[in-house]
Amino acid sequence: MRRRLIEELAQKGISDKAVLNVMNTIPRHFFLDNAFEEMAYQDKAFAIGEDQTISQPYTVAFQTQLLNVQKRDKILEIGTGSGYQASVLAMLGARVFTIERIKVLHLKAKNIFEILQLKGIRSYFKDGYKGLAEFSPFDKIILTASTSEVPTRLIEQLKVGGILIVPYGNQNETQKMMRLTKISENGDLKKEFFGDFRFVPMLKGRK
Ligand code: SAH
């Protein structure tokens, strides 16, 4: 089932072999509640509780491909959710710092990282708006919740030359996948847009 899903992703335009290989290895069914297990290898988003979703595999692949992950990259993820995206990044050899604002989800994901023995992931129960200044600067930052205002603190925590991927737009419409490249120390940004997506919104505070 997993192999078929990977073929489907390739057909839909995902061309990065490393991303496809890693997604072919990670057991996505670990990240879903038992009731949904047999659907884990469909190219669909699913509920993970607390009104949140695990992103569609195509979306995970697309965002990961845009991140152009290099081994040892220091990557900050906002929105751990199920932990699947963070696992993909870790399996690609990145050092992953992931933040979740909902405690139940944070704890659940942390448990799966232990089961899968993914050592390259550090997870935090925090409000992602603040980022993780103590571990900055990051090579890459990925937001897996949508926003129409990219927090300045996250831009500050990005290296010059680093990239930030964000589903950009209001929560009631589809969002554009935006890639920001930080091109100078004073925070000048190059902006690029790729395709339409639909994410849950980035929210303030912890729960
Ligand atoms: N990357 C996830 C998909 C997450 S859905 C996966 O692979 O499964 C988006 C997640 O972002 C939700 O779990 C939501 O609670 C979280 N989120 C929203 N606003 C946030 C914030 N300010 N800080 C941290 N996490 C946030």
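E192 and R179 form a salt bridge, with their closest N and O atoms 3.0 Å apart. This pair links distant parts of the chain: E192 sits in strand β9 and R179 in strand β8 (residues 175-182), 13 residues apart. E192 is partly exposed, at a relative accessible area of 22%. Before I go on, please keep in mind that this is a predicted model.

Hello everyone, and thanks for coming. Let's stay with salt bridges for a moment. How many salt bridges does the count come to? The count comes to nine.

Here is another one of them. K12 forms a salt bridge with D43, and the closest N and O atoms are 2.6 Å apart. K12 is in the loop between α1 (2-11) and α2 (17-25), while D43 is in the loop between α2 and β1 (46-49), so the pair ties together parts that are 31 residues apart in sequence. Now look at the two ends of this bridge. Is D43 buried or exposed? D43 is buried, because its relative accessible area is 9% and buried means under 20%. K12, on the other hand, counts as partly exposed, with 39% relative accessibility.

My next pair is K207 and E50. Their side chains meet in a salt bridge, at 3.9 Å from N to O. Which parts of the chain does this pair tie together? K207 lies in the segment after β9 (189-197) and E50 in the loop between β1 and β2 (52-54), so the pair ties together parts 157 residues apart in sequence. K207 counts as exposed, at 54% relative accessibility, because the cut-off for exposed is over 50%. E50 is partly exposed, with a relative accessible area of 33%.

If you find helix α3 (residues 57-67) on your screen, you'll see what I mean: 10 of its 11 residues are buried, so the helix is largely enclosed by the rest of the structure. Among the buried residues of α3 are Y58, F62, L66 and L67. After α3 comes N68, whose phi is positive, near 50°.

Strand β5 (residues 121-125) is mostly covered too, with four of its five residues buried. What joins β5 to strand β4 (residues 95-100)? Five bridges do, and the two strands run parallel.

Finally, let's go out to the surface. Which residues gather in a patch of positive charge there? They are K103, K130, R153 and R206. K103 lies in helix α5 (residues 103-115) and is partly exposed, with a relative accessible area of 42%.

One last stop is E149. E149 is placed in the loop between β6 (138-143) and α6 (152-156). With a relative accessible area of 63%, E149 is exposed. How far apart are E149 and G169 in space? From C-alpha to C-alpha they are 8.1 Å apart, and in sequence they are 20 residues apart.

That's my tour, and I'm happy to go back to any of these places with you.

Notes:
Residues numbered from 1 in each chain as written. Predicted model: local features only at pLDDT ≥ 70, side-chain atom pairs only at ≥ 80, totals over all residues. Heavy atoms only, no water. Buried < 20%, exposed > 50% of the residue type's maximum accessible area, 1.4 Å probe, protein only. Patch = residues over 30% accessible without salt bridge, like charges linked within 9 Å, V, L, I, M, F, W, Y side chains within 5 Å. Areas by Shrake-Rupley, 256 points an atom, 1.4 Å probe, with all protein chains shown as cover. Salt bridge = Lys/Arg side-chain N within 4 Å of Asp/Glu carboxyl O. Lys, Arg positive; Asp, Glu negative; His and termini not counted. Charge placed at Lys NZ, Arg CZ, Asp CG, Glu CD. Pairing = 2+ DSSP bridges.
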